[in-house]
Amino acid sequence: MSKPVKSISTPIRLDYTYAAGEATARFLRGLARKKIIGQRCPVTGKVYVPSAGASPTHGVPTTGEVEVSDKGTITTFCIVRIPAAGLSVKPPFVAASVLLDGADIPMFHVVDECPVEEARMGMRVQAVWVPDQEIGPTLRSIKYFKPIDEPDADFDSYKEHL
Amino acid sequence: MRDVAVVSFAQSPSRRQVLERNEVEILMPVVREAVERSGIEKKEIGFICSGSSDYVAGVPFSFVMSLDAVGAWPPVCESHLEMDAAWALYEAWVKIQVGEQDSALIYGSGKSSMCNISEVLSRQLDPYYMGPLWPDAMSLAALQARLLLETGRFSERDLAEVVVRSRRNAKQNPCAQLAGDLDLDELLAEPMIASPLRKHDCAPISDGAAAVMLAAGDLARSVCERPAWIAGIDHRIEAHDLGVRDLTQSVSTALAAEKAGLWRAPVEIAELCAPFSHQELILREAMRLGEEVKVNPSGGALCANPVMAAGLIRIGEAAERIRSGAAGRAVAHATSGPCLQQNLVCVLEAR
């Protein structure tokens, strides 16, 4: 009896040239200047960051460019205890939704320089940028967010953005 | 059966590479145009269905981002197919047939410039025997073309004639990527890239999008002066293994054509999705289209081939000619899979 073939390996590699588009390109170029650029929906006035160029609620181009703060509020978070590839921090660490001041939707990032048991909703945080020589048009230009010495945001101030 | 009609159509110009816009940004104006032309308010649209491919986009769940082009608020009834949007139109047609909805928006988009599309298409082959060999789409089509020529039914000159006519027709199509007057003998003097296919026998690599609005019965009549009624629509698939099929015929197209009622009355126009010149010849035979039928007045996929939208564009182009009065009855065709594996036939008519 020949041995059964239990598996075969057929490696797949596909390469892509991604075109970010107008709005995302503005966001990425902003990161290379340590600026976080959002896009305003012309119908609702809401600021989306990052934006793919369309208002997700109204399907119209987000034409207005808005610089938002690199400070914000944690709206929700979790504590990650398993390692994953490509992360800038070691577990356990805090993964959080951060509502940047001036934005209407939170963005996801990691929080460091913070004992994980201290993470909480409403906590004020600020972006920590990578060293100048590593800055580029990528979200990796923000190394992580760190807590700042500001009183917690009032729940009412972010309850619409959960 | 409920009466369902195409009431509007919009498409982006097809370009070799749209660097300045992502898929959502290409789709947005197309979707808006189709909805505005339909006369149906966006909030009244019953169902939204799209076709696109994560493998082409290189992004998981890319269709979720594409939905931003519609603006899904208040929440919408939506579905997506990892296929040409012609099949999304079929799903929407079924949804309207069962009486759940009276209207539907269908859109499809593809940016083939972002990937090596010929390699990406090889990933739809079976993963054990053919996939690991990475046969690109052009090589597989060339195997089919060789078999077809060996039957003696067609010559290389017939292939080139398809190209000459397609490019000439495309001169009237502002969204076409390739158009112009070509010389038959000059084409035949060009080198082969995968014999017996030459570069012009293969559809171009395209970035583009298209959208169609469907409406049922009285709604269609109230918003559209001359709706393009779907007289019949059907799709059929053949075996996955290329070796068990007769590649020189398209039995799935013939069966879909029969089920769609193509032969109940003559058609004046046929929009066929043939990404390779020889495939148009196979399709014309399968659908029994005579010399009197004007094939691909738009130029067809050989002149603009945004994958995942090219089939829907055939339906849209045929419907536009009904709505404008240029034709009374037309047939549109879409294809999926290697070497015309799966085929959809849609018969449209004025009433």
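How do strand β8 and strand β12 of chain B pair, and over how many bridges? Have a look at the structure while I talk. One thing before the answer: this is a predicted model.

Okay, the answer. β8(B), which covers residues 228-237, pairs with β12(B) in the antiparallel sense, and the pairing runs over 8 bridges.

Now, β12(B) has another partner. Strand β11(B), residues 329-336, is joined to β12(B) by 8 bridges, and these two run antiparallel. Here C346(B) turns up again, as the bridge partner of A332(B). β11(B) and β12(B) make a hairpin with 5 residues between them. In that turn sits G337(B), with a positive phi of about 85 degrees.

Which of its residues are buried? They are S252(B), T253(B), A254(B), A256(B) and A257(B). Just past α10(B) you'll find G261(B), which has a positive phi of about 75 degrees.

Let's stay with α11(B), which packs with other helices too. Take α6(B), residues 137-150. The axes of α6(B) and α11(B) come within 9 Å and cross at roughly 55 degrees. Angles from 65 to 115 degrees would count as roughly perpendicular, and under 35 as roughly parallel, so this one falls in the oblique group. That's why we call α6(B) and α11(B) oblique to each other. Their crossing is left-handed. On the α6(B) side, Q144(B), A145(B) and L148(B) do the touching, and they meet H278(B), L281(B) and I282(B) of α11(B). Sorted by class, that contact has 4 nonpolar residues, 2 polar ones and no charged ones.

The next helix is α7(B), residues 156-170. It packs on α11(B) at an angle of about 95 degrees, with the axes 8 Å apart. These two are therefore roughly perpendicular to each other. From α7(B), the residues in the contact are D158(B), L159(B), V162(B) and V163(B), and they meet S277(B), H278(B), E280(B) and L281(B) of α11(B). That contact splits into 4 nonpolar, 2 polar and 2 charged residues.

Most residues other than glycine have a negative phi, and most peptide bonds are trans. Chain B has some exceptions to show you. W73(B) and P74(B) are joined by a cis peptide bond, with omega about -5 degrees. You'll find P74(B) in the loop between α3 and β3 of chain B. The bond from S195(B) to P196(B) is cis as well, with omega near 10 degrees, and P196(B) lies in the loop between β5 and β6 of chain B.

Then there's positive phi without glycine. F61(B) has a phi of about 55 degrees, and its place is the loop between α2 and α3 of chain B. Is F61(B) buried or exposed? It counts as exposed, because it has 10 C-beta neighbours inside 10 Å. W134(B) is another example, with phi near 50 degrees, and it lies in the loop between α5 and α6 of chain B. W134(B) has 14 other C-beta atoms within 10 Å, so it is partly exposed.

Last stop, chain A. Its strands β2, β1 and β3 form an open sheet, in that order, with antiparallel pairing. The edge strands are β2(A) and β3(A), each pairing on one side only. β1(A) and β3(A) are joined by 5 bridges, and in β3(A) the partner of Q39(A) is E65(A). Helix α1(A), residues 22-31, packs on the sheet and touches β1(A) and β3(A), with its direction about 155 degrees from that of β1(A).

And where the chains meet, 22 residues of chain A are in contact with 27 of chain B. The chain A side divides into 11 nonpolar, 9 polar and 2 charged residues. That's my tour, thanks!

Technical notes
Residues are numbered from 1 along each chain as its sequence is written. Chains are lettered from A and ligands numbered from 1 in the order in which they are written. This is a predicted model: local features need pLDDT of at least 70, side-chain atom pairs count only at pLDDT 80 or more; totals for chains, interfaces and linings use all residues. Two strands pair if DSSP finds at least two bridges between them. Helices (H or I, at least four residues) and strands (E, at least two) are DSSP runs, numbered from the N terminus. Two residues are in contact if their C-beta atoms, placed from the backbone, lie within 7 Å. Axes are lines fitted to C-alpha atoms, for helices over the stretch in contact, and angles run from 0 to 180 degrees between N-to-C directions. Ala, Val, Leu, Ile, Met, Phe, Trp, Tyr, Cys and Pro count as nonpolar, Asp, Glu, Lys and Arg as charged, and the others, Gly among them, as polar. A residue is buried if 20 or more other C-beta atoms lie within 10 Å of its own, exposed if 12 or fewer, and partly exposed in between; C-beta atoms are placed from the backbone. Angles under 35 degrees count as roughly parallel, over 145 as roughly antiparallel, 65 to 115 as roughly perpendicular and the rest as oblique. A crossing is left-handed if the near helix is turned anticlockwise from the far one by less than a right angle, and right-handed if clockwise.
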